[in-house]
Amino acid sequence: MSIPTETDRELWDRACRGERAAFGVLFDRHARAVHNYLFRRTASWPDAEDLTSAVFLHAWRARADVVLHQDSALPWLLGVARNLAANSGRALQRYQLLRARLPPPAPSPDHADDVAARLDDERTMATLLRAMAQLSDHDREVLELCVWSGLDTHGAAAVLGVAAGTVKSRLHRARARLRKLVPPDPSDERARADAVTGRRSAFSQEAS
């Protein structure tokens, strides 16, 4: 199977003309990054999966009005994810009402080990989020976008609606503050947390 070489902008233009296959390629490219960002915001695999679906549903509906950043759709998608995460209760309710109208999915086997691992990951991420909560909103957001989601300063600036220089200064300050909160010798919990931040859920495996 050939790997698509078109830019996000080219694919988005095709999606605006109603080509669902082009939008599917964009989903395959970015769903994992969006999902991982949302898991780090919510500490819940199910909520992250539902919110990721809501992000791409919104993207499909609003695609004609989207202005991409440097030919990449990811900053805009993460901006939508950021807004949905901030209003996750209402966003999830709207998505679940829509999903209730669809035919139920085929039953799948219950993998107890995977369920246990997911719950363990959620507890670890909840611990991380409690530590991150000690940072200001600005500091926490630049870490989430630049460190966890891998955006450059220009991409993060597009998500946050600020100048790239502002992102650089916030990132420098956030890293300095986080170093004070986290001792240099990581505990087992932090080592596990590093694994969680790179962990791929069943959703992200399907999307990659």
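Guide: Gladly! Let's begin with Val 147, which lies in helix H7, residues 137-148. Helices (H or I, at least four residues) and strands (E, at least two) are DSSP runs, numbered from the N terminus. Before we go on, note that this is a predicted model: local features need pLDDT of at least 70, side-chain atom pairs count only at pLDDT 80 or more, and totals for chains, interfaces and linings use all residues. Residues are numbered from 1 along each chain as its sequence is written, and side-chain values use heavy atoms, with hydrogens and water left out.

Buried means under 20% relative accessible area, exposed means over 50%, and partly exposed is in between (1.4 Å probe, protein chains only).

Setting aside neighbours within four places in sequence, Val 147 is in contact with Val 142, Leu 171 and Arg 175, where contact means heavy atoms within 4.5 Å. Take Arg 175: it is 28 residues from Val 147 in sequence, and their C-alpha atoms are 9.7 Å apart in space.

That leads us to helix H9 (residues 164-181), which packs with H7 at an angle of about 100°, the axes being 8 Å apart. Axes are lines fitted to C-alpha atoms, for helices over the stretch in contact, and angles run from 0 to 180 degrees between N-to-C directions. H7 is therefore roughly perpendicular to H9. Under 35 degrees counts as roughly parallel, over 145 as roughly antiparallel, 65 to 115 as roughly perpendicular, and the rest as oblique. Val 147 is one of the H7 residues making this contact, and Leu 171 and Arg 175 are among those from H9. Sorted by type, the residues of the contact of H7 with H9 are eight nonpolar, one polar and five charged. Here Ala, Val, Leu, Ile, Met, Phe, Trp, Tyr, Cys and Pro count as nonpolar, Asp, Glu, Lys and Arg as charged, and the others, Gly among them, as polar.

For another pairing, look at helix H4 (residues 74-86) and helix H8 (residues 153-160), which pack at about 40° with axes 8 Å apart. H4 and H8 are therefore oblique to each other. Pro 75, Leu 78, Gly 79 and Arg 82 of H4 meet Gly 155, Ala 158, Val 159 and Leu 160 of H8. In this contact of H4 with H8, five residues are nonpolar, two polar and one charged.

An α-helix has 3.6 residues a turn, so residues three or four places apart point the same way.

Stepping back, the protein has 11 helices and zero strands. Buried residues make up 40% of its 208 residues. Of the contacts between residues at least 6 apart in sequence, 70% join residues at least 24 apart.
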